[in-house]
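Subject: Structure for your review

Dear colleague,

Please find below the structure that I am handing over to you.

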Amino acid sequence: MIWPNLLASADKALTELTADEESLRRWEESLDTMQQEAEAALAGHATTGDATAASAWTAPAGLGPLPELLLGRARYLAGLQAQAVGVLAEARTGVEHELAALVPKRRNVRPVYVDVAG
């Protein structure tokens, strides 16, 4: 009989379609989050959270390969993140200069007394 094979094939195609839609949804959520963070950094509204949490970031589990449909958006996001890195690096340099200005510079100090008994 051909019908059981045809139904099994249709069920498999429906399962793959659902999995593809789920993967696409997870990728869109992940890209949305990364885009919001990059745009916030560019606007000067980057969150000042725990630095160790930011450095310990890992990709969400189970995303699978990037769907071809989102390739253009991922490339745009990579460019946006590169711009954000530049802006944050400039801001960091500015803060370093401000902190350096707050620390008093040490001058050469001449001794006031001479120890002659020594």
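The notes that follow describe what was found in this structure, beginning with the whole chain and ending with its surface.

**Overall picture**

Please keep in mind that this is a predicted model. The chain contains 3 helices and 0 strands, and its pattern along the sequence reads α-α-α. Of the 118 residues in the chain, 12% are buried. The accessible surface amounts to about 10200 Å², and carbon and sulfur atoms account for 60% of that area. Among contacts with a separation of 6 or more, 95% are between residues 24 or more positions apart.

In soluble globular proteins, nonpolar side chains tend to be buried together. Here, the largest nonpolar core has 10 residues: W27, L31, M34, A38, A41, L63, L70, L77, L80 and A84. Helix 1 (3-42) and helix 3 are the elements that give two or more residues to this core. Helix 1 contributes the most, with 5 residues.

Leaving aside residues up to four places away in sequence, L31 touches L70, R73 and L77. The C-alpha atoms of L31 and R73 are separated by 8.2 Å, although these two residues are 42 residues apart along the chain.

L63 is another member of the core. Again leaving aside residues up to four places away in sequence, L63 touches S23, R26, W27 and S30.

Q35 is found in helix 1 and has a relative accessible area of 17%; because buried means under 20%, Q35 counts as buried. Its side chain also makes a polar contact of 3.3 Å with the side chain of R73.

S23 lies in helix 1 as well, and S23 is buried, with a relative accessible area of 14%. A polar atom of the S23 side chain lies 3.2 Å from the backbone oxygen of L63. Not counting residues up to four places away in sequence, S23 touches L63, P65 and P67.

**Salt bridges**

Side chains of opposite charge can pair when their charged atoms come close.

- R73 is partly exposed, at 24% relative accessibility, and D32 is partly exposed, at 33%.
- R25 and E22: the side chains meet in a salt bridge of 2.3 Å, N to O. The two residues are 3 residues apart in helix 1, which means that about one helical turn separates them. R25 is partly exposed, with 35% relative accessibility, and E22 is partly exposed, with 31%.
- E96 and R92: the closest N and O atoms of this salt bridge are 3.2 Å apart. These residues are 4 residues apart in helix 3, and therefore about one helical turn separates them. E96 is partly exposed, at 43% relative accessibility, whereas R92 counts as exposed, at 59%.

There is also a network of salt bridges, which links E22, R25, R26 and E29.

Where does L102 lie? L102 belongs to helix 3, which covers residues 71-102. Is L102 buried or exposed? Its relative accessibility is 67%, and because exposed means over 50%, L102 counts as exposed. Together with V95 and L99, L102 forms a nonpolar patch on the surface, and the accessible area of the three residues together is about 310 Å².

Yours sincerely,

A colleague

Definitions and conventions. Residues are numbered from 1 along each chain as its sequence is written. This is a predicted model: local features need pLDDT of at least 70, side-chain atom pairs count only at pLDDT 80 or more; totals for chains, interfaces and linings use all residues. Side-chain values use heavy atoms; hydrogens and water are left out. Buried means under 20% relative accessible area, exposed over 50%, partly exposed in between (1.4 Å probe, protein chains only). Contact means heavy atoms within 4.5 Å. Accessible areas come from the Shrake-Rupley method with a 1.4 Å probe; for residues, only the protein chains shown count as cover. Patches are made of residues with over 30% relative accessible area and no salt bridge: like charges are joined within 9 Å, nonpolar side chains (Val, Leu, Ile, Met, Phe, Trp, Tyr) within 5 Å. A salt bridge is a side-chain nitrogen of Lys or Arg within 4 Å of a carboxyl oxygen of Asp or Glu. A nonpolar core is a set of buried Ala, Val, Leu, Ile, Met, Phe, Trp, Tyr and Cys residues joined through side-chain atoms within 4.5 Å. A polar contact is a pair of N or O atoms within 3.5 Å; within protein, one must be able to donate a hydrogen and the other to accept it, and residues adjacent in sequence count only if both atoms are side-chain atoms.
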